[in-house]
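Trainee: Please take one part of this model and go through it closely. Keep it brisk, and give me the cut-offs as you go.

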Amino acid sequence: MECVGWGNILFTFTLWTRIAVSCRHFLSISAETQLLYINCTHAGYVSTSETMAAKEPSPIVKSYLILYNAAQVVGWCYMLYQLIAYYTIDKGTEETLWDYLGFTVILFQNAALLEIVHAFTRIVPSNPVITTFQVLSRVMVVCGVVMATPTGKVSPGLPLAILAWSVTEIIRYAYYALNLIDAVPQLLIFLRYTTFIVLYPTGVTGELLCFFWAQSHVANTKQWSIEMPNTYNFTFSYLYFLWAVMLLYIPLFPQLYLHMFAQRKKILGSGSSSGAAKQKHN
């Protein structure tokens, strides 16, 4: 038991060391690049001098990206419809919310893994490493928290997260699709840089509640944890990992939220035409 305790302490120390390094790196990069680091929910492809320069994709690639983004718009619209229908049209159903729309969430959230491929193949002007963190953070909530635990599935944070995610993603993917054909309306730009005011804290609250509900199950079952002694003399506590991720929201959320207000002022504050021009290659 003593070995297990020291192993978990070592694991936690190592984990938080890496988190601290990541935070220090995050704080050292430019403000515009930081926007790409926003998890869950609210960042998109933002072209800056620190990312690959945007260039016109080939007709085949352009057609694929339009199709991909349009499909995501349709998928997230359907998910939003399911969420509303669950509490209205099908109110009183014996199914849980996750049973009702879980497949849609899994399908379209995990489809975002293609964005990592897009970044690494450079068909979009996004930093591959940052895009990877951005996408996997949401996949972690879906697959590592909600799908993985029975308590995560019934968390009161699930409808909050899905509401924030779906509205955000409808706007984000619609923007990408229309931007590829230079047809982004000013209203969409306004929505992209305004809805976060409510949706970002709503999404973060929902995600944290999902984490909190999931950790109770992990604490009781020691799910996905590795204890000493074992052949490899290695210990891992999934419970500690979940708590570490939850605590990471504390230093990052305020800074990212305030930075998004700065981005909003930068894009929308100088007038419609200049704002649209700044966004042309995003």
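Mentor: Residues 65-88 have end C-alpha atoms 34 Å apart, and the span is 96% helix and 0% strand. Helices here are DSSP runs of H or I with at least four residues, strands are runs of E with at least two, and both are numbered from the N terminus. This is a predicted model, where local features need pLDDT of at least 70 and side-chain atom pairs count only at pLDDT 80 or more, while totals for chains, interfaces and linings use all residues. Residues are numbered from 1 along each chain as its sequence is written, and side-chain values use heavy atoms, with hydrogens and water left out.

The span comes from a record. An unreviewed UniProt entry annotates residues 65-88 as "transmembrane region", along with others including 100-117 and 160-178. Such positions follow the numbering used here, feature names are shortened, and annotations may be inferred rather than shown by experiment.

Now the packing. Helix α3 (residues 59-87) and helix α8 (residues 157-179) have axes that come within 8 Å and cross at roughly 150 degrees. The two are therefore roughly antiparallel. That label applies over 145 degrees; under 35 is roughly parallel, 65 to 115 roughly perpendicular, and the rest oblique. Axes are lines fitted to C-alpha atoms, for helices over the stretch in contact, with angles from 0 to 180 degrees between N-to-C directions. The crossing of α3 and α8 is left-handed: the near helix is turned anticlockwise from the far one by less than a right angle, where clockwise would be right-handed.

Which residues of α3 and α8 meet? On α3 they include Ile 66, Asn 69, Val 73, Trp 76, Leu 80 and Leu 83. On α8 they include Ile 162, Ser 166, Glu 169, Ile 170 and Tyr 173. Contact means heavy atoms within 4.5 Å. The residues of this contact divide into 20 nonpolar, three polar and one charged. Ala, Val, Leu, Ile, Met, Phe, Trp, Tyr, Cys and Pro count as nonpolar, Asp, Glu, Lys and Arg as charged, and the others, Gly among them, as polar.

α8 has another partner. The axes of helix α4 (residues 97-110) and α8 come within 12 Å, crossing at roughly 35 degrees. This crossing, too, is left-handed. Leu 97, Trp 98, Leu 101 and Val 105 of α4 touch Leu 158, Pro 159 and Ile 162 of α8. Here the contact residues are seven nonpolar, no polar and no charged.
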